[in-house]
Amino acid sequence: MKLKKILAAVTAAALALSLAACGGSASSVSSEPAPSVVSSSAEETAAPTESEPLRVAGLKGPTTMGLVNLLGLSTDSKADENGLKPSQDGSVLYNMYGAADELVPLLVKGDLDAACVPANLAATLYNKTQGAVQVACINTLGVLYVVEKGDTVQSMADLKGKTLVTTGKGTTPEYVLRYLLSQNGIDPDKDITIEYTAEATEALAKVQAGEVSIAMLPQPFVTAAMAQTEGLRVALDMNAEWQTVAGSPLVTGVLLVRKDAVEADPARFADFMEKYKLSTEQANTDPEGTAALCEAFGVVAKAALAQKALPQCNIVFETGDTMKTDLTAYYQILFDADPTAVGGALPGDDFYYAG
């Protein structure tokens, strides 16, 4: 009963907090280490054990772009009964999901070991599961941009008196927008008209129809929108604007891991993190190859779009003190705006994976 209540709570949180912006049998993908094989020789020497694959979920979009080089293209495309497929080197079993509420119950129940999720959802899950999860790294910084069909917006101050359309009412995009407007002397309730839509495509349609000329949208949708809309340009990078007023980066996505999965095999997880770091570096140095994998895994619809958008998606691999400093600052701002944005309380020190 308690687990059902937790599952219901965190699934609802995933629906509310996600940004309008991972072969074998079930037993083969357990997070417990394999049992030792004991030699039948007189010396009774124990043979080394082989770690079970880490079960990882990705969300379609920027938060998973840095992971695809780690996965590679496996020749074994068969999925197990949970839909998990092996990575090229067999060290990971993965699946991709379209929305956070699809993977959250699997992570909570223990059917997944780790997942790429929105940063504020990570804090919420920490609170809802009584600290059963940790954040292992920041994988994506700000992906929100203000675009304009025109040339009237050159700074945040220029938004005063304007109408802007965006998504994410009651979620991170709204908190980001309201914070940046307030920090730039603009009352978000009086000095600007903000229209919210359910999806980015609906917001773009309003711009294309001439109903409004300014929108705040996420990457890689911004790149696709600019290709579809003549005269549309990026007016403001909200990550840069956040950095200016907050003194720290705007965080979008993180890797969240179950503590029991780390504790079951610390060496396995450390190995995964090293590979993830190299994969992220490759995403930034080889956008063409990474974009091809993004299309292959369904992270982004088309490789050409992914390649063009990658430099604006701020794919990173932040760990340790840097991760903790940036997330602590980000969570404090969200908490001040609305405590429910981070699950009602700021995460404790045990939330941050130290390696």
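Which strands does helix 7 (residues 221–228) lie across? Helix 7 lies across strand 8, strand 11 (214–218) and strand 12, and runs at about 150 degrees to strand 12. This is a predicted model: local features need pLDDT of at least 70, side-chain atom pairs count only at pLDDT 80 or more, and totals for chains, interfaces and linings use all residues. Residues are numbered from 1 along each chain as its sequence is written, and side-chain values use heavy atoms, with hydrogens and water left out.

**Overall**
- The protein has 13 helices and 14 strands. Helices (H or I, at least four residues) and strands (E, at least two) are DSSP runs, numbered from the N terminus.
- Of the 355 residues, 51% are buried. Buried means under 20% relative accessible area, exposed over 50%, and partly exposed in between (1.4 Å probe, protein chains only).

- An open sheet of 7 strands runs in the order 4-5-3-6-13-7-14, with mixed pairing. Two strands pair if DSSP finds at least two bridges between them.
- Strand 4 (85–86) and strand 14 (315–318) are the edge strands, each pairing on one side only.
- Strand 3 (residues 54–59) pairs with strand 5 (residues 92–97) in the parallel sense, over 6 bridges. L59 stands opposite Y97 in strand 5.
- Helix 3 (residues 100–109) packs on this sheet and touches strand 3, strand 5, strand 6 (114–118) and strand 13 (251–258). The direction of helix 3 makes about 140 degrees with that of strand 6. Contact means heavy atoms within 4.5 Å. Axes are lines fitted to C-alpha atoms, for helices over the stretch in contact, and angles run from 0 to 180 degrees between N-to-C directions.
- Helix 13 (residues 320–337) also packs on the sheet, touching strand 7 (133–141), strand 13 and strand 14. Its direction makes about 85 degrees with that of strand 7.

**R258**
- R258 is found in strand 13. R258 is buried, at 13% relative accessible area.
- Its side chain reaches the backbone oxygen of L107 at 2.8 Å.
- Beyond its neighbours within four places in sequence, R258 is in contact with residues including L107, K109, D113 and V133.

- A second open sheet has 5 strands in the order 10-9-11-8-12, with mixed pairing. Its edge strands are strand 10 (193–197) and strand 12 (232–237).
- Neighbouring strands here are turned by 30 degrees against each other on average, direction ignored.
- Strand 8 (residues 144–149) and strand 12 run antiparallel, joined by 5 bridges. E148 stands opposite R233 in strand 12.

**Helix 11**
- T290, A291, L293 and C294 are the buried residues of helix 11 (residues 287–296). They lie on the same side of helix 11 because they cover an arc of only 160 degrees around the axis. The arc is that of the directions from the helix axis to the C-beta atoms.
- Their cover includes helix 2 (68–71), helix 10 (266–285) and helix 12 (303–309).

**Backbone details**
- The peptide bond from Q219 to P220 is cis, with omega near 0 degrees. P220 sits in the loop between strand 11 and helix 7.
- Q130 has a positive phi near 55 degrees and is not a glycine. Q130 counts as exposed, at 56% relative accessibility.
- N314, likewise not a glycine, has a positive phi of about 55 degrees.

Key: A polar contact is a pair of N or O atoms within 3.5 Å; within protein, one must be able to donate a hydrogen and the other to accept it, and residues adjacent in sequence count only if both atoms are side-chain atoms.
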